[in-house]
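Here is a friendly walk through one protein model. Have the sequence and the 3D view at hand as you read.

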Amino acid sequence: MIGLTTLKLLFFNQVFAQEASSFVIVLDAGHGGKDPGAHGKEGIEKEVVLDVSLKLDSLLKVFLPSAKIIHTRKDDTFVPLRERAKIANEENADLFMSIHCNSAPKGSRTARGSETFVLGLRGDIYEDYIAELENSVIEQESNYEETYEKWQSSSPEAQIMMANYFSVHLEESMNAARLIQEELGYYDGKYNRGVKQAHFLVLAQTTVPSVLVELGFLSNTIDEQKLMSEKGRIQLATSLCYAIIRYKAHKEMHEG
């Protein structure tokens, strides 16, 4: 990590040196094992996001040493969506961050940039497409129809339940997402796609502040080059580290 913009990190380290050990972060590297996720010409989503999450872990251990960092996976393992959410819930995490790479529909290969999602009931056509793409991993789980039935229902009763369920932590999730996009935007602000809401099953089942980060498009040549490079992944991990530090400070300021 030497050679990064260390002055900024050192500043954060000094300002927030007294952090509480109760701060819990769950890092969720998307996909894994039999589920590769999105593909580029060379890149495979499950490999890219695992490497970024491990780099982020290394930074957090230096600059938030008392925080408890938990991973849903640290190797090429398939983890069901419900298990990822269960880990965050059982740990009563202060933040659940699911890390992914994007892939645009055919005919939209020029799409590029980062975006961060919080849970929503339904989005526009594009947001629903991304959610369905990420949610399709459940088809590799046994009895997935029964397991996720209530989360996928479009009945009015189910929608009311969902609205009540996610509204509790919506403000905190939105704040985390905003900070993530601000930090990611410092490196590539022209292609900052902003904060959005969509019906991601992994977010729907969490009972803690939760976000899903799409680091970039493996379907875009320029984004893929960044996602496949060591420098690019370090930049992404550093941005996520800055955002978590800022989120933690904001959360403690308002709780204190």
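## Contacts and overall make-up

Of the contacts in the protein chain between residues at least 6 apart in sequence, 84% link residues at least 24 apart, where contact means heavy atoms within 4.5 Å. Please keep in mind that this is a predicted model: local features need pLDDT of at least 70, side-chain atom pairs count only at pLDDT 80 or more, and totals for chains, interfaces and linings use all residues. Residues are numbered from 1 along each chain as its sequence is written, and side-chain values use heavy atoms, with hydrogens and water left out.

The protein chain holds 11 helices and 6 strands; these are DSSP runs (helices H or I, at least four residues; strands E, at least two), numbered from the N terminus. Of its 256 residues, 53% are buried. Here buried means under 20% relative accessible area, exposed over 50%, and partly exposed in between (1.4 Å probe, protein chains only). The accessible surface of the chain is about 11,600 Å², and carbon and sulfur atoms account for 53% of that surface; the areas come from the Shrake-Rupley method with a 1.4 Å probe.

## The nonpolar cores

In soluble globular proteins, nonpolar side chains tend to be buried together. A nonpolar core is a set of buried Ala, Val, Leu, Ile, Met, Phe, Trp, Tyr and Cys residues joined through side-chain atoms within 4.5 Å. The largest one has 39 residues, and Leu56, Leu60, Met97, Val211, Leu240 and Ile244 touch the most other members. At least two residues of this core come from each of strand S1 (24-29), helix H2 (45-63), strand S3 (95-102), H8, strand S6 (210-217) and H11. Another core, of 17 residues, lies apart from it and includes Phe96, Ala198, Leu201 and Val202.

Ile244 sits in helix H11 and is buried, with a relative accessible area of 0%. Leaving out residues up to four places away in sequence, Ile244 touches Phe23, Ile25, Leu56, Leu60, Leu64, Leu95 and Met97.

Leu59 belongs to helix H2 and counts as buried at 3% relative accessibility.

| Pair | Separation in sequence | C-alpha to C-alpha |
|---|---|---|
| Ile244 and Leu179 | 65 residues | 8.0 Å |
| Leu59 and Cys241 | 182 residues | 6.7 Å |

## H8 against H11

Two packed helices are described by the angle between their axes and the distance between the axes. Helix H8 (residues 170-188) and helix H11 (residues 230-255) pack at about 140°, their axes 8 Å apart. The axes are lines fitted to C-alpha atoms, for helices over the stretch in contact, and angles run from 0 to 180 degrees between N-to-C directions. Among the residues that meet are Leu179, Ile180 and Tyr187 in H8, and Leu236, Leu240 and Tyr247 in H11. By class, this contact has 11 nonpolar, 5 polar and 5 charged residues.

## Two positive phi values

Most residues other than glycine have a negative phi. His31, in the loop between S1 and H2, has a positive phi near 65° and is buried at 7% relative accessibility. Asn92, in the loop between helix H3 (81-90) and S3, also has a positive phi, near 50°, but Asn92 is exposed at 58% relative accessibility.

Definitions and conventions. Ala, Val, Leu, Ile, Met, Phe, Trp, Tyr, Cys and Pro count as nonpolar, Asp, Glu, Lys and Arg as charged, and the others, Gly among them, as polar.
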